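Visitor: Before we go through the assignments, could you show me the model, so that each term can be set against its criterion?

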Amino acid sequence: MRTNRITRGAALPALLSAGLLLTACGTGSDGEEASGTDEEGSPAEVVASEPVVTTYDGGLYVLDGETLEVVGDIELEGFNRINPGGDERHVFVSTSEGFQVLDAAGAELTDTLFTADTPGHVVRHDDRTVLFADGTGEITAFDSDALGNGLPEDLDVYTAEEAHHGVAVELANGELLVTLGDEEERVGAIVLDENQEEIARSEDCPGVHGESAAQGGAIAIGCQDGALIYQDGAFTKVDAEDDYGRIGNQAGSDQSPIILGDYKTDPDAELERPERIALIDTTDASLELVDLPSSYTFRSLGRGPDGEALVLGTDGALHVIDPEAGELTDSIELMDEWEEPLEWQDPRPALFVRGGTAYVSDPATQQIHAVDLGAGELTGSVTLDETPNELSGVAH
């Protein structure tokens, strides 16, 4: 993208003023205010290997991803969302003030804050991280490895045509894909070149939501009637099998050209509990539906190290699907059956996959489980004092 560059000096006052507002909200496990850096401004001492983070009502737990030991309990009021920052150390916490940086390896919430009106999607692609502020349509992009000491020196900022619940992806060649919409509706996406010139547009994606990248560089975004693929400078529409076939959440893999998506068919449902998933082949713009033994939720989708599709079902099993064959190949039993709550903010089992390990939360037992995907076996569990909600961690 490399456009509308903001220097660190220009952005720092906003960072400091917003950061001070939240400092008192974040505390480390010893009760002291958490800064995430020592007096020299260096990152905090590493206390967690391969950190995993889960939210609870009133805070965050930081777990060591290898041992599942809780190494940090950080108080933070409100409903907070979490996403990988894009490197091996940091996680973004979406708060009422914006995107705040958690030093997960140091188990401390830093004062580094990307101020945002209604922080939305965080996207990591080709070593770049892109933040989307739903309240203003402001998009901020930077190198994923630049989160070590405060605000990155080089920030690229672009503002969408109108504010909406959107998403943006920066491609390896510097192109920027941005969804189109406003407060009333979302209709599609555009792509800008490095000079912010529009080079592609599609308004054939009603209710656009979510994104995912596939092997070969294709980007897919979900629609209420299928999906939209962007590759090689052009958009291609993938039609759903139903007039209303909503794909709102997706999971991609560098090891597969096929995108995993959810699939809902009832536009009038208060809460639809789907029992089919969609497989979107970006090589020929085709879509295949696969039946599952149970329903699942928007926190149920993931991909394994070889590109296998993973779905955490309400039957308590982690289902493994061969995306090429479109077949269920394994079901790993992890917990009792459960039902998705009506309110999307309420806790429900969640899936976070990193490499060959799948981490799964079970709010009913207040546990986090680790699963070896190669062996198809549970390798460890930890019971928390509070009920886990969202689940994430650092990226490789």
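**Terms and their grounds**

Guide: In this predicted model, strand β22 (residues 256-262) and strand β23 run antiparallel and are joined by five bridges. Within that pairing, Ile-259 has Ile-280 in β23 as its bridge partner.

Visitor: Why is strand β23 called largely enclosed?

Guide: Five of the six residues of β23 (residues 276-281) are buried, so the rest of the structure largely encloses this strand.

Visitor: Which strands form the open sheet, and in what order?

Guide: Four strands form this sheet in the order β25-β26-β27-β28, with antiparallel pairing. Strands β25 (296-303) and β28 (327-333) stand at its edges with a single partner strand each, so one side of each is left without a neighbour in the sheet. On average, and with direction ignored, neighbouring strands of this sheet are turned by 25° against each other. Inside the sheet, strand β26 (residues 309-313) pairs with strand β27 (residues 317-322) in the antiparallel sense over four bridges, and Leu-312 stands opposite Leu-318 in β27.

Visitor: How do you know that the pair of Phe-92 and Phe-99 is edge-to-face?

Guide: Ring centres must lie within 6.5 Å for a pair, and planes over 60 degrees apart count as edge-to-face. For Phe-92 and Phe-99 the centres are 6.2 Å apart and the planes stand at 80°, so both conditions hold and the pair is edge-to-face. By contrast, Tyr-230 and Phe-235 form a tilted pair, with 5.1 Å from centre to centre and 55° between the planes. Phe-92 and Phe-99 also belong to one aromatic cluster together with Phe-114 and Phe-142.

Visitor: Why is Phe-92 called buried?

Guide: The term applies under 20% relative accessible area, and Phe-92 has 1%, so Phe-92 is buried. Phe-99, with a relative accessible area of 2%, is likewise buried.

Visitor: Which residues have the most contacts inside the largest nonpolar core?

Guide: They are Leu-177, Ile-221, Tyr-230 and Phe-235, in a core of 17 residues. The elements giving two or more residues to this core are β15 (186-192), β18 (219-223) and β19 (226-231), and β18 gives the most, with three residues. Leaving aside neighbours within four places in sequence, Tyr-230 is in contact with residues including Leu-171, Val-191, Ile-199 and Phe-235. Apart from this core lies another, of 15 residues, among them Ala-48, Leu-60, Val-71 and Val-93.

Visitor: What makes Cys-205 and Cys-223 a disulfide?

Guide: The sulfur atoms of such a pair must lie within 2.5 Å; those of Cys-205 and Cys-223 are 2.0 Å apart, and the pair therefore counts as a disulfide. The link is left-handed, with -105° about the S-S bond. Cys-205 lies in the loop between β16 (198-202) and β17 (209-213), whereas Cys-223 lies in strand β18, 18 residues apart. Both cysteines, Cys-205 and Cys-223, are buried.

How values were computed
Residues are numbered from 1 along each chain as its sequence is written. This is a predicted model: local features need pLDDT of at least 70, side-chain atom pairs count only at pLDDT 80 or more; totals for chains, interfaces and linings use all residues. Side-chain values use heavy atoms; hydrogens and water are left out. Two strands pair if DSSP finds at least two bridges between them. Axes are lines fitted to C-alpha atoms, for helices over the stretch in contact, and angles run from 0 to 180 degrees between N-to-C directions. Buried means under 20% relative accessible area, exposed over 50%, partly exposed in between (1.4 Å probe, protein chains only). A nonpolar core is a set of buried Ala, Val, Leu, Ile, Met, Phe, Trp, Tyr and Cys residues joined through side-chain atoms within 4.5 Å. Contact means heavy atoms within 4.5 Å. Rings of Phe, Tyr and Trp (its six-membered ring) pair if their centres lie within 6.5 Å; planes under 30 degrees apart count as stacked, over 60 as edge-to-face and the rest as tilted.
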